[in-house]
Amino acid sequence: MSKQVIKTSQAPAPIGPYNQAIKANGFVFLSGQVAFNPATGELVQDSLSAETHQVMKNIEAVLKEAKLSFEHVVKTTIFLSDMSLFAEVNEVYGSYFTGDYPARETVAVKGLPRGVNVEISMTAVVDL
């Protein structure tokens with residue numbers, strides 16, 4: 001098995017013992033991203049929409065570093081602080097995809113890192 005660490009300064013550095021993504025056996029496994037602005041190190045929490053856009057921009061930066069795009073994503077997990085946020089997060093999330101959407105689950109959890117409202121992780125395939 002080959003394993004490659006994917007990391008970019010265009011997405012937030014990990015806040016614990018993990019990597020932004022790992023490429024292994026034709027897949028890229030992206031760790032959960034929250035709404036840290038990588039340029040400032042600050043959380044973007046002006047609105048739920050702005051928070052979700054920042055999460056997706058962070059994911060996009062990691063995908064780009066792996067020479068991939070949202071087209072390559074086959075599985076997504078969305079973690080919400082409250083299921084009442086689903087519709088707004090879903091609208092922003094969906095705007096980053098065209099056509100074939102990945103498989104996905106969305107769950108509400110008791111708490112997320114740094115008190116954020118949304119965290120998203122993804123799995124992508126290298127060859128379409």
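Mentor: Start with contact, which means heavy atoms within 4.5 Å. The model is predicted, with local features needing pLDDT of at least 70 and side-chain atom pairs counting only at pLDDT 80 or more, while totals for chains, interfaces and linings use all residues. Residues are numbered from 1 along each chain as its sequence is written, and side-chain values use heavy atoms, leaving out hydrogens and water.

Trainee: Which residues is A124 in contact with, leaving aside its neighbours within four places in sequence?
Mentor: G26, F27, V28, L63, L68, H72, V73 and V74. A124 itself belongs to strand 6; helices (H or I, at least four residues) and strands (E, at least two) are DSSP runs, numbered from the N terminus.

Trainee: And what makes A124 count as buried?
Mentor: Buried means under 20% relative accessible area, exposed over 50%, and partly exposed in between (1.4 Å probe, protein chains only). A124 has 0% relative accessibility, so buried it is. As for spacing, A124 and K75 sit 49 residues apart in sequence, yet their C-alpha atoms are 6.9 Å apart in space.

Trainee: How do you know whether T123 is buried or exposed?
Mentor: Its relative accessible area is 17%, so T123 is buried. T123 also lies in strand 6, and its contacts beyond four places in sequence are F27, V28, F29, H72, V73, V74 and K75.

Trainee: What about S121, buried or exposed?
Mentor: Buried, because S121 comes out at 16% relative accessible area. S121 is in strand 6 as well. Not counting residues up to four places away in sequence, S121 touches L30, S31, G32, K75, T76, T77 and F79.

Trainee: What makes strand 4 and strand 6 joined?
Mentor: Two strands pair if DSSP finds at least two bridges between them. Strand 4 (residues 73–80) and strand 6 (residues 118–125) have 7 and run antiparallel, so they pair.

Trainee: How many bridges join strand 3 to strand 6?
Mentor: There are 5, and those two strands run antiparallel. F27 has V125 in strand 6 as its bridge partner. Strand 2 and strand 3 are antiparallel too, with 4 bridges, and A21 stands opposite L30 in strand 3.

Trainee: Why is one side of strand 1 and of strand 5 left without a neighbour in the sheet?
Mentor: The open sheet has 6 strands in the order 1-2-3-6-4-5, with mixed pairing. Strand 1 (3–6) and strand 5 (103–108) are at the edges with a single partner strand each, so one side of each has no neighbour in the sheet. On average, neighbouring strands of this sheet are turned by 15 degrees against each other, direction ignored.

Trainee: What makes helix 1 oblique to helix 2?
Mentor: Axes are lines fitted to C-alpha atoms, for helices over the stretch in contact, and angles run from 0 to 180 degrees between N-to-C directions. The axes of helix 1 (residues 48–65) and helix 2 (residues 86–94) come within 9 Å and cross at roughly 40 degrees. That makes helix 1 oblique to helix 2, since angles under 35 degrees count as roughly parallel, over 145 as roughly antiparallel, 65 to 115 as roughly perpendicular and the rest as oblique.

Trainee: Which residues meet there, helix 1 to helix 2?
Mentor: L48, S49, T52, H53 and M56 in helix 1 meet E88, V89, V92 and Y93 in helix 2.

Trainee: And where does helix 1 lie?
Mentor: Across strand 1, strand 2 (21–24), strand 3 (27–33), strand 4 and strand 6, at about 25 degrees to strand 6. Helix 2 also packs on the sheet, touching strand 4, strand 5 and strand 6, with its direction about 150 degrees from that of strand 4.

Trainee: What is the phi of N25?
Mentor: Near 50 degrees, a positive value in a residue other than glycine. Most residues other than glycine have a negative phi. N25 is in the turn of the hairpin formed by strand 2 and strand 3, which has 2 residues between the strands.

Trainee: How do you know whether K67 is buried or exposed?
Mentor: K67 has a relative accessible area of 72%, so K67 is exposed. K67 is in the loop between helix 1 and strand 4, and its phi is positive at about 65 degrees although K67 is not a glycine.
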